[in-house]
Protein chains: 2
Amino acid sequence: MFKLIHKEKNSAARLGKLATRHGEIETPCFMPVGTQGTVKAISPQELKDSRAEVILSNTYHLFLRPGTEVIKKAGGLHNFMSWQKPILTDSGGYQVFSLALLRKVIDNGVEFQSHIDGQKHLFTPENVIETQQIFGSDIMMPLDECVHYPCGRDQAEVAMKRTVDWAKRSKEFMVHSSKFIEKKQLLFGIVQGATYEDLRRECAERLIEMDFQGYAIGGVSVGEPRNLIYNIVNLVTGLLPENKPRYLMGVGLPQDILEAVSEGVDMFDCVVPTRYGRNGTAFTSAGKLTIRNSPYTEDFAPLDAECGCYACRNFSRAYLRHLFNTGEILGLRLVSLHNVHFFLKLMQRAREAIAQDKFGEFKKEFLGKYNNSVT
Amino acid sequence: MFKLIHKEKNSAARLGKLATRHGEIETPCFMPVGTQGTVKAISPQELKDSRAEVILSNTYHLFLRPGTEVIKKAGGLHNFMSWQKPILTDSGGYQVFSLALLRKVIDNGVEFQSHIDGQKHLFTPENVIETQQIFGSDIMMPLDECVHYPCGRDQAEVAMKRTVDWAKRSKEFMVHSSKFIEKKQLLFGIVQGATYEDLRRECAERLIEMDFQGYAIGGVSVGEPRNLIYNIVNLVTGLLPENKPRYLMGVGLPQDILEAVSEGVDMFDCVVPTRYGRNGTAFTSAGKLTIRNSPYTEDFAPLDAECGCYACRNFSRAYLRHLFNTGEILGLRLVSLHNVHFFLKLMQRAREAIAQDKFGEFKKEFLGKYNNSVT
């Protein structure tokens, strides 16, 4: 299922291939986020043209709208959204703990009110897996309890233990449901434990005993200082088995991704390419660029001369600035598309560098240019 | 420049080819509207894929933002917006009279305040042509005075006479400016005269004397009953020379376009495909369809089974409804794209029917199905 192709000589960075029922994913990889069954403002064809191999979608949001029944009748999420490559769905745990109203954690699961209409729902480890089975997700995530930063040790420990318990129930449900066997869906375990090293360690060890098909590092990028993220990533990757993919949830900016790749992380997702794109901030090889700024009024260069995306091949900064200034949708489409392309290309270059045992040099060169931005 | 290819036996409908410096346009044709240098929510590549041959853009809007200077430095509007097929620009007259603040018509031109920042500007027949020369428009329109409906005869007569005077000055400026000869830009005359037949007749006759390269019917679809539009179109097309293209400005819905085609109109533009698309209303062979409506919740058919656009080839009504209900940009992108495709395909089918002297049958068949909509 996961094949470790190459381990870099000078770091923990690694090349891999993850087989799913909708095709292989080369790792390290970036997953554009399609929260509601669409990567915001971008079409599936454009994602394919940008060589996206896998996207992430969100169980909480899709459960609420359009609802599991609609996706079931559509023949699964791939058919519904017209995306025939792999999809990872998160469990909705993060959204229940950050977005839903009046949530109440009980041992059986978590009761919450929809942030849209206030209607009450119950997520259990079992029904969250069942929902993802109906979606036909290639990679499923178990329900977990995610705490915010800062979080006291007692609360973090309770949440971690519940996460482990729910992971066990998720796996049992999956193993005993025949659907899993038919569909060859993968299930990852999520390592929680906030910023407490012993809790992270305990969580990782207990999940590894259960033998998941991959492991995610959850509960990071929730407000903690960046060095704490790096500490956790370093600790957890050191504990995880080498022959399973490692997924750092919700991270992140290019510098964070490269740092985590050098620690041996294989998979990433983040909303920043599309969120920043909608606000007119472009990621470029020379750093971030705010397209509304007046220096771009008569700048007829592309966003990034090194980029080969549709936006950079056809449009100038001056034109994109005009589109944002006049509120035209094509502007946010093009900058979102460029940003997704930029992240995917970054991962492609990272993979090439790892293959040549030159990841450290690549990272240094990339960040040197990226951080020295004058724009 | 304009070649009349075929006159239908059973109506005044005609097939033609209009040569411009960015290629030939087959008529009758529909021009998607790109007011601010972008057809709203649609990329130039998607327009090409939908076989758009010409688009319309707006001098008033582009003059204000990004400004003539930026477009000049970009090497013209085609380069600025990355569209290398024909562009028709309107004169801005209509916008000055409908959108601008505190306009004041003087014989020299029209003073107005920008609707964006209140800054004062002056449009004259001469500077409006010069602006369109800088844009590099393939087809230019002269500054005209457009009145609303209802409009008293005296006011309509003054506006018509001013329009004729400004048309004369526009043509003189164009003929004497060397740019015209280099760039082979075309200039149309605009027939005004509100709903008064004698004024329309006088305007048409005086413009024909000046020998424009095409003639537009302006000041329609400004609030008058539909039968008055048809009367004017019938009257004016009867007056215009056969060997010049005829353009009905700002019209319209499919039934209006087909009616005008049968009267011998060659060119159309309208914002409805994109405006309706953004609001979730799709044009289909079975009539208009409001995608947010609940019957589409579990409707996995495409918008229009007879349509071959990207949206219809890949997505269901249920998915599009979900995108609109969740405020996802891809929804309005796809319905806008479908609508533009629908209008362009309608014109293509109209041309095929005219070529076979079967336009009347085509129109009857199309409208029979279109008007019998059950959705």
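Q: What makes a pair of side chains a salt bridge?
A: A salt bridge is a side-chain nitrogen of Lys or Arg within 4 Å of a carboxyl oxygen of Asp or Glu. This model is predicted, and by that rule 6 salt bridges are found across the interface of chain B and chain A.

Q: Why is the pair A:K73 and B:E298 called a salt bridge?
A: The N to O distance between the side chains of A:K73 and B:E298 is 2.7 Å. The cut-off is 4 Å, so the pair counts as a salt bridge.

Q: What makes up the contact between chain B and chain A?
A: The contact takes 38 residues from chain B and 38 residues from chain A. Between them the two chains bury about 3,200 Å², with 58% of it on carbon and sulfur atoms. There are also 22 residue pairs in polar contact between chain B and chain A, both at pLDDT 80 or more. On the side of chain B that touches chain A, at least two residues each come from α1, α2, α3, α12, α13 and α14 of chain B. The largest share of that side, 6 residues, is supplied by α2(B). By class, that side of chain B has 18 nonpolar, 11 polar and 9 charged residues.

Q: How do you know that the side chains of B:E46 and A:R333 meet in a salt bridge?
A: Their N to O distance is 2.8 Å, and the limit is 4 Å, so the pair meets the rule. The pair crosses between chains, from B:E46 in helix α1 of chain B to A:R333 in helix α14 of chain A.

Q: Are B:E46 and A:R333 buried or exposed?
A: Buried means under 20% relative accessible area. B:E46 has 14% relative accessibility, so B:E46 counts as buried. A:R333 has a relative accessible area of 3%, so A:R333 is buried too.

Q: What does the salt bridge between B:R153 and B:D198 tie together?
A: The side chains of B:R153 and B:D198 meet at 2.0 Å, N to O. B:R153 lies in helix α6 of chain B and B:D198 in helix α8 of chain B, so the pair ties together parts that are 45 residues apart in sequence. B:R153 has a relative accessible area of 31%, which lies between 20% and 50%, so B:R153 is partly exposed.

Q: Which residues are joined into one network by salt bridges that share partners?
A: The network joins A:E46, A:R333, B:E46 and B:R333.

Q: How many salt bridges does a search of the whole structure find, over all chains?
A: The search finds 43. One of them joins the side chains of A:R317 and A:D299, at 3.0 Å, N to O. A:R317 lies in helix α13 of chain A and A:D299 in the loop between β16 and α12 of chain A, so this pair ties together parts 18 residues apart in sequence. Both A:R317 and A:D299 are buried.

Q: Why is A:V96 called buried?
A: A:V96 has 0% relative accessibility, and the cut-off is under 20%, so A:V96 counts as buried. A:V96 is found in helix α4 of chain A. Leaving aside neighbours within four places in sequence, A:V96 is in contact with A:Y60, A:R103, A:V110, A:F112 and A:F123. The C-alpha atoms of A:V96 and A:F123 are separated by 8.9 Å, with the two residues 27 apart along the chain.

Q: Why does B:D256 count as buried?
A: The value for B:D256 is 10% relative accessibility, which is under 20%, so B:D256 is buried. B:D256 sits in helix α10 of chain B. Outside four places in sequence, B:D256 is in contact with B:R226, B:Y230 and B:V251.

Q: How do you know that β1(A) and β2(A) pair?
A: Two strands pair if at least two bridges are found between them; β1(A) and β2(A) have 5, so they pair, and they run antiparallel. A hairpin joins them through 6 residues, and A:L4 stands opposite A:G16 in β2(A).

Q: What makes β2(A) largely enclosed by the rest of the structure?
A: 5 of the 7 residues of β2(A) are buried, so the strand is largely enclosed.

Key:
Residues numbered from 1 in each chain as written. Chains lettered and ligands numbered in written order. Predicted model: local features only at pLDDT ≥ 70, side-chain atom pairs only at ≥ 80, totals over all residues. Heavy atoms only, no water. Contact = heavy atoms within 4.5 Å. Buried area = accessible area lost by both parts, 1.4 Å probe. Polar contact = N/O pair within 3.5 Å; in protein donor to acceptor, adjacent residues only side chain to side chain. Helix = DSSP H or I, 4+ residues; strand = E, 2+ residues; numbered from the N terminus. Nonpolar A, V, L, I, M, F, W, Y, C, P; charged D, E, K, R; others polar. Buried < 20%, exposed > 50% of the residue type's maximum accessible area, 1.4 Å probe, protein only.
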